[in-house]
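Hi everyone, thanks for coming. Please have a look at the sequence and the structure on the screen, and then I'll walk you through a few features.

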Amino acid sequence: MHRRFSRNLLALAVVSASLPALAQDQSLNELVIVGDEASASALPGSAHVVSSEDMETMKYTDVHQVVRQVPGVYFLEEEGYGLRPNIGIRGSGSGRSGKVTLMEDGVLMAPAPYAAPAAYYFPSFGRIHSVEVLKGPDLLRYGPQTVGGAINFRSTPIPQEASGNVTTEIGEDSSKRIHAWYGASSEQAGFLVETHQQEVDGYKTIRGSDRDTGFDKQDFVAKLRLNSPASADVYHQLDLKVDYSEELSNETYLGLTDEDFDADPNQRYFASERDNMDTKRTGYMIRHLVDLNNDVTLTTTAYRNEFARNWYKAAGLGGLIDDANGGDATAQAQLRGEEDLEFDIKNNNREYVSQGLDFKADWNTDVAGMRHALTFGTRFHDDEVDRFQPVDTFNQLTGSGRPTLEFVSSTLTTGISSGDNRVEEAEAWSSFIADRIDVNDRLTVTALLRYEDIETEATRYSDQARDTVDRKVSNDTAEWLPGIGATYDLDGGITLLGGVHRGMAPASPGAEDNVEPEISVNYELGARFSRGATRAELIGFYSDYSNTVENCSLATPCSDANNSTSGSFSKGESRVQGIEVLVGHEFALANGLSAPVEANWTYTDAKITETADDGSVLKGDNLSYLPENVVNLRAGLRSGNQWDAYVNIGFVEKMCIDNTCERGGDNTFSETESLTVVDLSGSYALTPKARVFAKVANVLDDQKIVARSPDGARPNLPRTGYVGVSVDF
């Protein structure tokens, strides 16, 4: 396959020309961090690609259901649709995916990756083309989170020739979805336009209200590629991408008491009737690539993301849940809308800006008889989150037989607290150098060094005009992060791998002065096997944290004595260790049938190894929301491209919701429940370009308490069926 430049599959600058005038098998010009499974097998660490073909098997639109197919990855469900994912890797916290580096097409996509990395924005997963997950030393090419792992979501590529697709889907709870794209390429240009639109009434009902609990989300994407002729001595390429999305979702943080969960897990309390998330997001990316010669490639990427949201939701009712779980009949009646109640509904109103300039240089050269693939990268990034969050107070009145809400007051007139009137900012310079050395035909060694220099500032105002500063907090962080990894190819398709690196997760700008970042030394050792239709992987990992940091939020309050919902909390030293196993094989059967089977298992053991200064975390405590065992099995039967049928079985063991539940005593309200979910899907080709499909999520209709934070028990999605058709043109 002819390439206009030397391809380095390990860097974000990986690009290959997609010009129809060249060979037909050339791939799209896209930013990747892994490439494909063949490329993943060459990495000095654990890496996985969930390809577009893999994603088509189960037709998932919830990212949680896809990442569970990757060992070492775990998640915490929230509303059943994956609107705001909670993903963790190798023991990193899962809350709002804040400890994982999230990217789309190689560009940081969190609302404010340094100042507020919590993933309150996430692209509609139904439009994502493939998913790459990277762990181990090669994480040091990315960041800012370099402890657990990085995930890159690849969007729909510009096609090599004029083509498009329309996929429509309907389902229970008035679910509707359409995904459509069209694009084309010539020798020196290419384009793509795309939309994904999804709405559903929701599977929950609100007591005493006829308001639905669903969402309406729309995504729009446009891409343009301009490039020099294939015959040019120096090849240039310019890629432009603009995306826009908006969401209205009637979601809440208010869960249920255990008694009400057991009676009906799909109910909601009347106090959450007006809860609504309203978001708008615009992203811009421009990338220039120049291929100076066969060995040197320069890539420059500029990006800017703007995100605004207001989550208007009931606040401060977690104590009422606790009281009701403890037997308080009045608290239980107030939650059910049977007794009067005064409570707050808070405008969690925030605006985010994230922007940066990223430069990378790839250079392939021979030194001392060894091939070196050198990559140098540097990035300037700044972001901020502006919070102006008035609180409205309401009375829940029950005298008319059906609860109603009566407005009482608003802090817009009485005065907004400084905690709800603040700006948090971050500026970061980061650089890395990586050298992949082919020592001989069997041994490859990769040495890496990353430097992060981060300045953060949080300013709280005591007046709405922001003329008076109530408090200002700043932190400076500068860290060198080295790493080394190696692979050694044995005969018979076996590859040994191992590596060690120093990882970091920055503290929140809202933390107190001089809070240190989360720092860990991470080890992995294992082997891969690939021969014919069989592949397998066994990797052990160990992370030694010299400082374990929780970033506090309403979604996942911290473990300190105050259960803080802002800033950061240092839990001191801890260790995380575990095993990742993956086995897959495609069986060839009679009459042209095949049966692909793949299973993975992740075992994780994590403990606090030093008592915190304030005594809220003790040596031997567990880490919160970290399952010990996660298992996934996917099996299918297909007849070429004519038809297919798949089953996916996922198991997540119960989790502690805080660090205290393994100290002994009654853990009734301190744990989630173990859950096994069985999903089915199938499709049939009506014509070479038209295909019908059907899927049933949670076939056994097994619902358990999958989360308890911040305010009460919440269930997973009940049994839900969908049918659809996909047409290529």
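**The space inside**

The largest cavity in this predicted model has a volume of about 560 Å³. If you wonder how anyone finds such a thing: rolling a probe the size of a water molecule over the atoms shows where empty space is left. A search of the whole structure turns up 13 cavities of 30 Å³ or more.

Which residues sit closest to the centre of the largest cavity? They are Asp-62, Gln-65, Gly-80, Tyr-81 and Leu-717, out of 42 residues in the lining. By type, that lining splits into 22 nonpolar, eleven polar and nine charged residues.

The elements that give two or more residues to it are strands S10 (189-200), S12 (215-227), S30 (643-652), S31 (675-687) and S32 (690-697). S31 makes the largest contribution, with four residues. Please remember S12, because that strand comes up again when we reach Lys-223.

**A sheet of five strands**

Next, a sheet. Five strands make an open sheet with mixed pairing, and their order is S1-S6-S7-S4-S5.

To find your place on the screen, look for Glu-132, which stands opposite Asn-152 in S7.

**Charged pairs**

On to the salt bridges. Side chains of opposite charge can pair when their charged atoms come close. The whole structure has 44 salt bridges, and I picked three of them.

Let's begin with Asp-105 and Lys-223, whose side chains meet at 3.9 Å, N to O. Asp-105 is in the loop between strand S4 (101-104) and S5, while Lys-223 is in strand S12, so this pair links distant parts of the chain, 118 residues apart. Are these two residues buried or exposed? Both Asp-105 and Lys-223 are buried. They also belong to a network of salt bridges, together with Glu-104, Arg-127, Asp-219 and Lys-241.

The next pair is Arg-387 and Glu-424, with a salt bridge of 3.2 Å, N to O.

My last pair is Lys-280 with Asp-278, where the closest N and O atoms are 3.9 Å apart. Lys-280 has 42% relative accessibility, so it counts as partly exposed. Asp-278, at 30%, also counts as partly exposed.

**One disulfide**

Finally, the cysteines. A disulfide is a covalent bond between the sulfur atoms of two cysteines. How many does the structure hold? There is one disulfide, and it joins Cys-656 to Cys-661, with the sulfurs 1.8 Å apart.

Why does Cys-656 count as buried? Its relative accessibility is 9%, and buried means under 20%. Cys-661 has 2% relative accessibility, so this cysteine counts as buried as well.

Notes. Residues are numbered from 1 along each chain as its sequence is written. This is a predicted model: local features need pLDDT of at least 70, side-chain atom pairs count only at pLDDT 80 or more; totals for chains, interfaces and linings use all residues. Side-chain values use heavy atoms; hydrogens and water are left out. Two strands pair if DSSP finds at least two bridges between them. On a 1 Å grid over the protein atoms alone, a cavity is a set of points where a 1.4 Å probe fits but cannot get out, and a pocket is an open set with protein on both sides within 12 Å along at least five of seven lines; lining residues have an atom within 4 Å of a point. Grid points are joined across faces, edges and corners, and a volume is the space filled by probe spheres set on the points. Ala, Val, Leu, Ile, Met, Phe, Trp, Tyr, Cys and Pro count as nonpolar, Asp, Glu, Lys and Arg as charged, and the others, Gly among them, as polar. A disulfide is a pair of cysteine sulfur atoms within 2.5 Å. Buried means under 20% relative accessible area, exposed over 50%, partly exposed in between (1.4 Å probe, protein chains only). A salt bridge is a side-chain nitrogen of Lys or Arg within 4 Å of a carboxyl oxygen of Asp or Glu.
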